[in-house]
Every structure is written in C-alpha cells, then in structure tokens.
Amino acid sequence: MRRDTKRKAGNFFKILFVCILALSIPVLLFLYAVQAEKYTSLVREVTELEAKQEKLIEENKRLISDISILSSAERIEKIATEELKMHKAESDDIIRVEMTKEKK
C-alpha cells in the first residue's frame with residue numbers, strides 16, 4: 001500500500017510539473033511579446049528624439065551665425081551712420097562728468 005501511495009504521489013508531482021511547465025510557456029511567450037513591444041516603442045522614441053535634437057542643433061548653429069552677423073561692428077556702424085545719421089564723436093565732443101559723494 002505504501003508503494004502504491006508513493007507511486008501515486010510521484011505520478012501526481014510529475015503531472016503537476018508538466019502542467020506547470022505547459023502553462024508557463026504561454027505566459028513566458030506573452031511576457032516576451034510585451035517586452036519586445038516596449039523595446040520597439042522605446043527605440044522609436046529614441047530615434048524621434050535624436051532627429052529632433054539634430055534639428056535643434058542645426059537651428060542653434062543658424063541662430064548663432066545670425067547673431068554674429070547682426071552684431072558685427074561694421075553693420076552697427078553702417079546703421080548708425082546711414083539710417084540714424086550719427087557720426088563718430090570727436091575728442092572735443094566728449095564731456096566728462098565726475099560725481100562726488102555729498103553728505104546729506
């Protein structure tokens with residue numbers, strides 16, 4: 001009777017192991033599919049962000065170039081003389097004002 005009980009217990013655990021193994025395979029495949037989808041989504045997002053970064057870098061380079069052109073001394077002097085009718089100050093045109101501290 002003990003042998004019969006041991007054999008039944010052994011068979012039960014074998015069947016239980018096979019059932020658990022059979023059920024775990026679809027679960028693991030599902031988890032793999034979920035992870036693959038997440039990975040694909042992240043790769044797509046990284047690619048989009050890299051493209052956006054590249055566009056922003058190019059725009060930044062263009063803006064820096066524009067700043068250097070617009071702030072050149074020659075351009076500012078040309079606008080001052082031609083459009084604003086300004087001229088360079090002579091040394092006798094310069095007035096120096098000194099401030100002294102007065103006690104109240």
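Guide: One cut-off before we start: a residue counts as exposed when its relative accessible area is over 50%, and as buried when that area is under 20%. Keep in mind, too, that this is a predicted model.

Visitor: Then is phenylalanine 13 buried or exposed?
Guide: The cut-off for exposed is over 50% relative accessible area. Phenylalanine 13 comes to 53%, so the label is exposed.

Visitor: Which geometry does the aromatic pair of phenylalanine 12 and phenylalanine 13 have?
Guide: A search of the whole structure turns up one aromatic pair. Its ring centres, in phenylalanine 12 and phenylalanine 13, sit 5.6 Å apart. Planes over 60 degrees apart count as edge-to-face. The planes here are at 65 degrees, so the pair is edge-to-face.

Visitor: What is the radius of gyration of the protein?
Guide: Start with the fold: two helices and zero strands. The C-alpha trace spans about 125 × 45 × 15 Å along its principal axes. A compact globule of 104 residues would come out near 13 Å, but this protein has 41 Å.

Visitor: And what percentage of the residues count as buried?
Guide: Buried needs a relative accessible area under 20%. The accessible surface of the protein is about 11000 Å², with 63% of that belonging to carbon and sulfur atoms. Of the 104 residues, the buried share is 1%.

Visitor: How much accessible area does the nonpolar patch on the surface have?
Guide: Its members are Phe17, Val18, Leu21, Ile25 and Leu29. Take leucine 21, which sits in helix 1 (residues 2-70). Leucine 21 is partly exposed, at 44% relative accessible area. Together the five patch residues have about 510 Å².

Visitor: Which residue does aspartate 66 form a salt bridge with?
Guide: The structure holds three salt bridges. In this one the closest N and O atoms are 3.3 Å apart. The partner of aspartate 66 is arginine 62.

Visitor: How many residues apart in sequence are glutamate 77 and lysine 88?
Guide: Their side chains meet in a salt bridge, 3.7 Å from N to O. Glutamate 77 lies in helix 2 and lysine 88 in the segment after helix 2, so the bridge ties together parts whose separation in sequence is eleven residues.

Visitor: How far apart are the C-alpha atoms of glutamate 98 and alanine 36?
Guide: Glutamate 98 lies in the segment after helix 2 (73-83), and counts as exposed at 73% relative accessibility. Along the chain, glutamate 98 and alanine 36 are 62 residues apart, and their C-alpha atoms are separated by 75 Å.

Notes:
Residues are numbered from 1 along each chain as its sequence is written. This is a predicted model: local features need pLDDT of at least 70, side-chain atom pairs count only at pLDDT 80 or more; totals for chains, interfaces and linings use all residues. Side-chain values use heavy atoms; hydrogens and water are left out. Patches are made of residues with over 30% relative accessible area and no salt bridge: like charges are joined within 9 Å, nonpolar side chains (Val, Leu, Ile, Met, Phe, Trp, Tyr) within 5 Å. Accessible areas come from the Shrake-Rupley method with a 1.4 Å probe; for residues, only the protein chains shown count as cover. A salt bridge is a side-chain nitrogen of Lys or Arg within 4 Å of a carboxyl oxygen of Asp or Glu. Helices (H or I, at least four residues) and strands (E, at least two) are DSSP runs, numbered from the N terminus. Buried means under 20% relative accessible area, exposed over 50%, partly exposed in between (1.4 Å probe, protein chains only). Rings of Phe, Tyr and Trp (its six-membered ring) pair if their centres lie within 6.5 Å; planes under 30 degrees apart count as stacked, over 60 as edge-to-face and the rest as tilted. The radius of gyration is taken over C-alpha atoms; the globule rule is 2.2 Å times the number of residues to the power 0.38.
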